[in-house]
Every structure is written in structure tokens, then in C-alpha cells.
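The points are numbered and may be followed alongside the display.

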Amino acid sequence: MSGERGGGGGNREWVRRCFDEIKEEGLGLGDRKDYFKVRGTISYIRKDPERPPWYTACPSENCMKKVIKDNNEQYWCESCRKNFPNYKPRYILSFIACDATGMSWLSGFSNVAETIMETKAETLREMIDNHMMEEYAQSFEKPQFRQFVFKCMAQSSIVNDETRLRVRALGAEPVNFVEESKRLLEEIESYN
């Protein structure tokens, strides 16, 4: 498949893949991280309000570390070494994306999740706080079956003596069908 340089990975080459190629080529297995692009359709987003798609992040402008709620209803940031009266919800969205060849679970942090959800995590938290569960659920329906080109990183980790492949979306752009058509035509031409 074709590659391109630039974007969120500096001078990294973003080779275009299909979901079945992630497994077939063993991307992300072993000690290496593999970077690639994949065009996928979102088919499911994890949305359980008991385990919302964000974590409690430090409200400090330059800190994105997780904070822990203490007994005094304050939020402690280990990195800043400070207590805060509140936290900032920061996305860590888990979703399934698929193409004609297969599917994969992906995760995306704030910038990717905001592109997909078209809303901030704070808005979703307010919906839960205000018992607006129907609106909360509808927020997850809008991105369903939309197509994106994801910039991904695949990396394996060992959990309970089991190797697991994690695919993280580092970027997401809604599919530009004109550009995608040109790319496919160029790829077809390259076979002549």
C-alpha cells in the first residue's frame, strides 16, 4: 500500500493498511511500535455511564496526568504535587472501527475523541451529572457508521501473562471522498 510523510508523526512514513493486514503482518508485536494509516468505519463506541469514556485529569493547563480524589473531596495530582477542587475530564475513547477486511478495537485520547464525538468530554460529564441520559446516549449515535482515516500506532503489552495488541488512534480525519478516490485511482494506475 502507499505511504506518505508528515502529519502528527513528524517525518514518519504513514503506510496505508487494511485491518486484516494488522494481524497478517504482525504489526505492533514484539518490542516494536508500528505506525500506519487505516480507513475505517466506526461501528461501536463504548459508552457505559458507570465507566465513562474519560479519566479524571489534572485541571492545570500544562498537565494531563490523572488525579486521585482524596477524603476531603479534593483531587490530588502527583505530577504537580497539588490538590485541586475539581478535575478536567479527558477523553480516552474505546471504539471498534472496521473496513471490508476486518475490524479492530482502537483507543483515542482527547484530540482524536473530540474529532470523532464532535463534543468535549466535559459536555458528556455534564449530561451524566444532570441525569440527561437520553442526550448522553444520542451523543454516541452520531459518530456511528461515519468513516475516518485514522493514524494509528500498534504496540503489544503483556497483561496477566497474555500478550495483547493495542491499537491507538493518534489522529482522525473524516474521509474526504474526492481525495480518497484520487488515491485509489493512483494506486490502481501503479499496477499497470
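1. Arginine 46 is placed over the face of tryptophan 105, 4.6 Å from the centre of the ring.

2. The model is predicted. Its protein chain has an average pLDDT of 91, and 94% of the residues score at least 70. Residues 1-9, however, have a pLDDT below 50, although this stretch has 27 contacts in the model beyond near neighbours in sequence. Where pLDDT is low, the predicted coordinates should not be read in detail.

3. The count of aromatic pairs is six. Tryptophan 14 and tyrosine 35 form an edge-to-face pair, with 6.0 Å between centres and 90° between planes. Because tryptophan 14 belongs to strand S2 and tyrosine 35 to strand S3, the pair ties together parts 21 residues apart in sequence. Tryptophan 14 is buried, at 1% relative accessible area, whereas tyrosine 35 is partly exposed, at 24%.

4. The rings of tyrosine 44 and tryptophan 105 are also edge-to-face, since their centres are 5.9 Å apart and their planes stand at 85°. This pair links strand S3 with strand S9, across 61 residues. Tyrosine 44 is partly exposed at 33% relative accessibility, and tryptophan 105 is partly exposed at 37%.

5. Phe95, Phe148 and Phe150 form one aromatic cluster.

6. Three strands form an open antiparallel sheet in the order S5-S6-S7. Strands S5 (67-69) and S7 (82-84) are its edges, and the twist averages 30° from one strand to the next. Three bridges join S6 to S7, and tyrosine 75 stands opposite phenylalanine 84 in S7.

Note on methods
Residues numbered from 1 in each chain as written. Predicted model: local features only at pLDDT ≥ 70, side-chain atom pairs only at ≥ 80, totals over all residues. Heavy atoms only, no water. Pairing = 2+ DSSP bridges. Helix = DSSP H or I, 4+ residues; strand = E, 2+ residues; numbered from the N terminus. Axes fitted to C-alpha atoms, helices over the stretch in contact; angles between N-to-C directions. pLDDT = per-residue confidence, 0-100. Contact = heavy atoms within 4.5 Å. Phe/Tyr/Trp six-rings, centres within 6.5 Å; stacked < 30°, edge-to-face > 60°. Buried < 20%, exposed > 50% of the residue type's maximum accessible area, 1.4 Å probe, protein only. Lys NZ or Arg CZ within 6 Å of the ring centre and 35° of its normal.
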